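Here are my notes on the model, as numbered points you can follow with the structure open beside you.

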Amino acid sequence: MKKRLHNPNLAKIHRNYTAEEVSSLYGVFKGTVRAWIKAGLPIINDKRPLLILGSDLVAFHQARRTKNKQKCKPGEIYCVRCRMPKNPAGDMADYRIITEKIGNLEAICPDCDKIMNRRVSLSKLGQVCGEITITLPQALRHIIESNQPSVNSDLKRE
């Protein structure tokens, strides 16, 4: 089963929690909270009920979130299926515009042949691309600018 990342902001830092309160706060079983304690979640003392500081709980979940993060170097795009940053197949990628300032780099993973995505600002595209050849979208031609306008068109060339 996949590890689930829990929101560290659910816990209040100036409050103490019992294992039961932590389990209801995050929607997990009490055994999961005991596993977190074995994995390094600090408790106040060994007496019952086990008390956990809210600040320790927040720090524990933030550390678990940042532990597995991997930064992409220039020329790399993260493959979700392979779970690691890789250079795209053929060193080619397409840039898909989302807003006027932000877009996605889309490429094919060389190992699993699935689509990889990387959110990139248009102003930082040169820094991120590295050795990748990026294809920018071309504006579609209007029918008037076409050499052979549609037969069904009411537009007349003069």
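1. Let's begin with helix 1, whose buried residues pack against strand 1 (16–18), helix 2 (30–38), strand 2 (51–53) and helix 3 (54–67). Please keep in mind that this is a predicted model, in which local features need pLDDT of at least 70 and side-chain atom pairs count only at pLDDT 80 or more, while totals for chains, interfaces and linings use all residues. Residues are numbered from 1 along each chain as its sequence is written, and side-chain values use heavy atoms, with hydrogens and water left out. Helices (H or I, at least four residues) and strands (E, at least two) are DSSP runs, numbered from the N terminus; contact means heavy atoms within 4.5 Å.

2. Which residues of helix 1 are buried? In helix 1 (residues 19–26) they are Ala19, Val22, Ser23 and Tyr26. Buried means under 20% relative accessible area, exposed over 50%, and partly exposed in between (1.4 Å probe, protein chains only). Looking down the axis of helix 1, you will find its buried residues within an arc of 100°, so they line one face of the helix. That arc is taken from the directions from the helix axis to the C-beta atoms. Just after helix 1 comes glycine 27, with a positive phi of about 70°.

3. Helix 1 and helix 2 pack with their axes 8 Å apart, at an angle of about 110°. Axes are lines fitted to C-alpha atoms, for helices over the stretch in contact, and angles run from 0 to 180 degrees between N-to-C directions. The two helices are therefore roughly perpendicular to each other (65 to 115 degrees counts as such). From helix 1, Ala19, Glu20, Val22, Ser23 and Tyr26 meet Lys30, Val33 and Trp36 of helix 2. By class, this contact has five nonpolar, one polar and two charged residues. Here Ala, Val, Leu, Ile, Met, Phe, Trp, Tyr, Cys and Pro count as nonpolar, Asp, Glu, Lys and Arg as charged, and the others, Gly among them, as polar.

4. Now to the loop between helix 2 and strand 2, where you will find isoleucine 43 and also proline 49. Isoleucine 43 counts as partly exposed because its relative accessibility is 26%. Leaving aside neighbours within four places in sequence, isoleucine 43 touches Ile37, Leu50, Leu51 and Ile52. Its C-alpha atom is separated by 7.1 Å from that of leucine 53, ten residues apart along the chain. Do look at the peptide bond from arginine 48 to proline 49, which is cis, with omega near -10°.

5. Most residues other than glycine have a negative phi, and most peptide bonds are trans. Aspartate 91, however, has a positive phi near 50°. This aspartate 91 sits in the loop between strand 4 (84–86) and strand 5 (92–97), and counts as partly exposed at 35% relative accessibility.

6. Strand 5 and strand 6 form a hairpin with four residues between them, pairing in the antiparallel sense over four bridges. Two strands pair if DSSP finds at least two bridges between them. Arginine 96 stands opposite asparagine 104 in strand 6.

7. What sense does the pairing of strand 6 and strand 7 have? They pair in the antiparallel sense over seven bridges, and glutamate 106 stands opposite asparagine 117 in strand 7. Their hairpin has six residues between the strands, and in it aspartate 113 takes a positive phi near 60°. Aspartate 113 is exposed, because its relative accessible area is 57%.

Note on methods:
Angles under 35 degrees count as roughly parallel, over 145 as roughly antiparallel, 65 to 115 as roughly perpendicular and the rest as oblique.
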